[in-house]
Amino acid sequence: MGIFNEIHSRYFYIISEILKAASVGSLHSKDIAGIVAKLGFAETALTLPAKLLNVNGEGYYVLNEESSGYRPVLKGDPPFLLTEYQKRWMRAIVKDKRFLLFIDESQYQLYEELLSNVEPLYDSRHFITVDMANDGDDYESKEYRLIFKSIMQGIQDNKIILITYESGKGNRLSGYFAPYKLEYSIKDDKFRLCGIRVRQGRMRSLYKLNLSRMRSVEIMDNHRPENLASYVRSLRMPLPVEIEITNERNGFERIFTQLSNFERVSEYDENTKRCLMKIYYYEVDEMELLITLLSFGPVIKVIGPEHFKEQLIGRIAKQKQLLTMLDERTSAEGYSVNN
């Protein structure tokens, strides 16, 4: 099965656009020639219009000539066609355990029915995951799906939501939040809500809450503040973390994957073969970002800002001190056993 399919060729695209335009209103020969010239290659204008206009009785016969101009032979827009590879890719997406989070059960059953005879392009057996937590969210849980969809509905409808949340110590807390967006961490295989705590009608601190710890989500009648997006941006740390990345140990792919939930600006330097990246973050992200960057070792170099570099140096110094103490203890225990 070839990857390229003629239905995605330039000719198919041009003809499809002409049929769409002709279904709205009749086209004249100069209109058809104009669309071909705009969308096609230089040589396309020499051959395609004649085929569409059925010159000398030879052509594609997709247009009928009427008194008002050319109209499509078939009514309505041309059908959207999928190649076998596209169908297999869609089947793989439908089989993903996270897919049901974004559609309802009836839509899922429709996809299953339409693609029942299509072999997935890939499945989970084709992947070996590394640097990924093994305690990801339970996407197959009905309670989890309900919470996810309630948050999505709150975001789409611009509503305040009431969240009941269980802390790491087992305490249940409730609060009103203006939901800003949902984040997904590939490293942790978890979704988190990024939202602003609302108290007495006023926006307060930024929170990032794991959906797996939520016990209920209720959509309120009152709307989110209109300036929510600008308020969230105002809470971003004033200076981004700047790092230099080498492709040692597949560094580019690893870092771009694990930092996928952060806003980033990257630039590749052809001369040094290194990538310069600016990472924008919030105060609640700082500890996670520190730990993540430390895990890459010599693959990266942190350029700034200074306060972030100082924290990195401090954590490295503590780790070195702990390793030194461990080595001394191991040596002492070995000496004691030998004597």
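Q: What counts as a salt bridge?
A: A salt bridge is a side-chain nitrogen of Lys or Arg within 4 Å of a carboxyl oxygen of Asp or Glu. Side chains of opposite charge can pair when their charged atoms come close. Keep in mind that this model is predicted.

Q: How far apart are the closest N and O atoms of Lys208 and Glu183?
A: They lie 2.9 Å apart, and the pair forms a salt bridge. Lys208 belongs to strand β6 (residues 202–210), while Glu183 belongs to strand β4 (residues 172–185). The two residues are 25 residues apart, so the bridge links distant parts of the chain.

Q: Are Lys208 and Glu183 buried or exposed?
A: The cut-off for buried is under 20% relative accessible area. Lys208 is at 18%, so Lys208 is buried. Glu183 is at 5%, so Glu183 is buried too.

Q: Which residues join Glu183 and Lys208 in a network of salt bridges?
A: Shared partners connect Lys181, Glu183, Arg192, Lys208, Asp285 and Glu288 into one network. Take Lys181: its salt bridge with Glu183 has closest N and O atoms 3.8 Å apart. Lys181 is partly exposed, with 34% relative accessibility.

Q: How many salt bridges does the structure hold?
A: The count is 18. One of them pairs Arg125 with Asp123, with the closest N and O atoms 2.7 Å apart. Arg125 is exposed, at 70% relative accessibility. Asp123 is buried, at 19%.

Q: Now the nonpolar side chains. Where do they tend to be in soluble globular proteins?
A: They tend to be buried together. Here the largest nonpolar core has 21 residues. Ile243 and Leu293 touch the most other members.

Q: Which elements give two or more residues to this core?
A: The strands are β8 (241–245), β10 (274–280) and β11 (300–304). The helices are α8 (251–258), α9 (286–294) and α10 (306–338).

Q: What is Ile243 in contact with, leaving aside neighbours within four places in sequence?
A: Its contacts include Ile255, Cys275, Leu276, Met277 and Ile279. Leu293, Ile300, Lys301, Val302 and Ile303 are also in contact with Ile243.

Q: Which residues does the second core include?
A: Phe148, Ile151, Tyr165 and Tyr184 are among them. This core is separate and has 18 residues.

Conventions
Residues numbered from 1 in each chain as written. Predicted model: local features only at pLDDT ≥ 70, side-chain atom pairs only at ≥ 80, totals over all residues. Heavy atoms only, no water. Buried < 20%, exposed > 50% of the residue type's maximum accessible area, 1.4 Å probe, protein only. Helix = DSSP H or I, 4+ residues; strand = E, 2+ residues; numbered from the N terminus. Core = buried A, V, L, I, M, F, W, Y, C linked by side-chain atoms within 4.5 Å. Contact = heavy atoms within 4.5 Å.
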